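Hello,

Here is the structure I promised to pass on to you. Have a look around first, and then read on for what turned up in it.

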Amino acid sequence: MLENHWYILGAGAIGSLFACQFERANIRSTLLIRASQTHLKNTSKSLDVTFLDGSKQHFSIQTQPSVQASIQPSLTPLDESPPPTPIRQLILTTKAHQSQTAIDGIQSRLTEGAIIVVMQNGMGVAEQLQVQLPQCAIFVATTTEGAHRPTEDSLIHAGAGETWIGKLPSSNPKDCGKEYITAQNIVEQWQRSALSIHYDRNITQRLWTKLAINCAINPLTVKYQCNNGALLTNPEALQLMEEVCQELQNIMTAKGIHAHSDLFATAKQVAKNTHSNISSMLQDYRNHRPTEIHFINGYVVNEANTLSIPTPVNQALTLEITNKAYQNSLGA
Ligand code: KPL
């Protein structure tokens, strides 16, 4: 039986959207946020949310620091925060490259059998957590909900999407039945919210299709400094997009993962549907933040290497974006 309380680690647009939609559905949520944002006490975060129908609502979401007092050097024993509560159900919505540090901050609060749902762009983190936290049940989710935070205390739910939850193949097949039931329970609970939530028995296929789309769009928007839709009128970008998709298709075929549809056609359709979007990678680049390139194209290159499949285009893009982002960070 699931508890009616989720901790959310990663208070970006998607983490905040889930927290607010959960509150509306009477599912308790606590945002775990950096100490600098919480003044080190359990407190709450104000958010003015604009929903899809244009209606607005003010939320006060419970927050806790995402780093325990014992490993936060600036905290003194005089700190008045209550002892950290155990975490039994967690959604990880940080950027992929922030996951390890974020998890380290709360690891000692995770209970035996804690449920962790990893919901972020890119891949590799859930597999890493399966190894690092064998006592936890790791699930993965992928969402197409569109949300952004124009300011620190406002959130806009800009596009209706769908969220799919599933389990990566288990290293221990005897756990499969139990995990299937837990995944179904998570879906049933989250379906009480206004979000569209589904279970996916073959989530790997969905994750790889999403990965292919991110590989084909995100680095190219940084390379050409353009919005998603502009890639479609740039013949050089389209050529690279097609090659990236072909490399992804080769790896997926070798791994026995069937794409939902033709990857290049899907990537072009997503670029068209999100025409005026500034991709998450270009947003990170423009804000001088680290990009997710190593969990997107870089992850693909590593997987391909283990299968001895050539991925020259993904490799070149990984290198180019890494260098470009580094140069950019020097100018920050
Ligand atoms: O997921 C995205 C991202 O920006 O990370 C896409 C699908 C490219 C939409 O912008």
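Predicted model: local features only at pLDDT ≥ 70, side-chain atom pairs only at ≥ 80, totals over all residues.

The volume of the largest cavity is about 100 Å³.

Which residues line the largest cavity? They are Val 118, Gln 120, Gly 122, Met 123, Gly 124, Val 125, Ala 126, Glu 127, Val 140, Ala 141, Leu 168 and Leu 207. Two elements, α4 (125-132) and β7, each give two or more residues to this lining. The largest share comes from α4, with three residues. Sorted by class, the lining has eight nonpolar, three polar and one charged residues.

Strands β7 (residues 137-143) and β10 (residues 163-166) pair in the antiparallel sense, over four bridges.

Now step back to the whole sheet. It is open, has 11 strands and mixed pairing, and its order is β8-β9-β3-β4-β2-β1-β5-β6-β7-β10-β11. At the edges are β8 (146-148) and β11 (197-199), each of which pairs on one side only. On average, neighbouring strands of this sheet are turned by 30° against each other, direction ignored.

- With β4 (residues 56-65), β3 (residues 43-50) runs antiparallel, and eight bridges join the two. Asp 48 has His 58 as its bridge partner in β4.
- With β9 (residues 154-159), β3 pairs in the parallel sense over three bridges. Here Thr 50 has Ile 156 as its bridge partner in β9.

The hairpin of β3 and β4 has five residues between the strands, and Gly 54 takes a positive phi near 90° in this hairpin.

There is a helix to find as well. Helix α3 (residues 99-106) lies across β1 (5-9), β2 (28-33), β5 (87-92) and β6 (110-118), and runs at about 165° to β5.

Last, the domains. The protein chain is divided into domain 1 (5-201) and domain 2 (205-330). Their contact takes 16 residues from domain 1 and 15 residues from domain 2, and the C-alpha centres of the two domains lie 26 Å apart.

Enjoy exploring, and write back with any questions!

Best wishes

How values were computed
Residues numbered from 1 in each chain as written. Heavy atoms only, no water. Pairing = 2+ DSSP bridges. Axes fitted to C-alpha atoms, helices over the stretch in contact; angles between N-to-C directions. Contact = heavy atoms within 4.5 Å. 1 Å grid on protein atoms, 1.4 Å probe; cavity = no way out; pocket = protein on both sides within 12 Å on 5 of 7 lines; lining within 4 Å. Points joined across faces, edges and corners; volume = space filled by probe spheres on them. Nonpolar A, V, L, I, M, F, W, Y, C, P; charged D, E, K, R; others polar. Domains from an automatic or database assignment.
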